[in-house]
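Visitor: I would like to learn how to read a protein model, one feature after another. Could you take me through this one slowly?

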Amino acid sequence: MTTPLPELLAQVPALNDPAEPFHYEVVGSTIRGSWNIVNAQYLEWQKAGTVDQDYAIVVTFTESKSTYDFDETKRESESSVSMDGDKLSFGGSKSVFVGKSTSKSFSFEAGGIYKKAQDAGIMPYLSYEFETARIKKPLFDFLEQNGWKRKKGFFSSLFTS
């Protein structure tokens, strides 16, 4: 039996685990999962910059069919300033992905950090990891346990009875 949507949404806060880097919340009649993957500044020998990445999943419901669907958004931006001899360079990039994805990534960078950066609170290394399954699995398991089924795509509905 499918848990009615208002009752399901009332249970969402129980999904949050303080040991995890992401959280879930109810927004209207949807569930939103958010993960601030990294938001950092770095300072190396003749180079400085920023890295910012975040991810969100939004689950929507079709109550009459007891189904759910979802969309994901991942935003990334980087900026840097570097000095090579007497040449000063600026750079940066931004990207946004919206849709459905499966990804896993990690990063570790170290070296060349000024002691002044440590004194200013800027980390002497940058390390982070991200995996879509880590945020999606608990959410999708919760929905399935409450009787909700993932909405089938257009082509899968054509070829199944």
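This is a predicted model: local features need pLDDT of at least 70, side-chain atom pairs count only at pLDDT 80 or more; totals for chains, interfaces and linings use all residues.

Visitor: Which pattern does the chain follow along the sequence?

Guide: Helices (H or I, at least four residues) and strands (E, at least two) are DSSP runs, numbered from the N terminus. This chain has four helices and eight strands, and their pattern along the sequence is α-β-β-β-β-β-β-α-β-α-β-α.

Visitor: What share of the residues count as buried?

Guide: Buried means under 20% relative accessible area, exposed means over 50%, and partly exposed lies in between, with a 1.4 Å probe and protein chains only. Of the 161 residues of the chain, 28% count as buried.

Visitor: How many residues are in the largest nonpolar core?

Guide: The general idea is that in soluble globular proteins, nonpolar side chains tend to be buried together. A nonpolar core is a set of buried Ala, Val, Leu, Ile, Met, Phe, Trp, Tyr and Cys residues joined through side-chain atoms within 4.5 Å. The largest one here has 22 residues, and those with the most contacts inside it are Ile31, Val59, Phe61, Leu139 and Leu143. Two or more residues come from each of α1, β1 (22–27), β2 (30–44), β3, β4 and α3 (132–145), and α3 gives the most, with five residues.

Visitor: Which residues does Leu8 touch?

Guide: Contact means heavy atoms within 4.5 Å. Leu8, in helix α1 (residues 5–11), is buried, with a relative accessible area of 0%. Not counting residues up to four places away in sequence, Leu8 touches Thr3, Phe61, Phe142, Leu143, Asn146 and Trp148. Leu8 and Asn146 are 138 residues apart in sequence, yet 7.5 Å apart in space, C-alpha to C-alpha.

Visitor: How many aromatic pairs does the structure hold?

Guide: Rings of Phe, Tyr and Trp (its six-membered ring) pair if their centres lie within 6.5 Å; planes under 30 degrees apart count as stacked, over 60 as edge-to-face and the rest as tilted. The structure holds five aromatic pairs. One of them is the tilted pair of Tyr68 and Phe140, with 5.6 Å centre to centre and 40° between the planes. Tyr68 lies in strand β4 and Phe140 in helix α3, so this pair ties together parts that are 72 residues apart in sequence. The rings of Phe70 and Phe140 are also a tilted pair, because their centres are 5.0 Å apart and their planes are at 50°.

Terms used
Residues are numbered from 1 along each chain as its sequence is written. Side-chain values use heavy atoms; hydrogens and water are left out.
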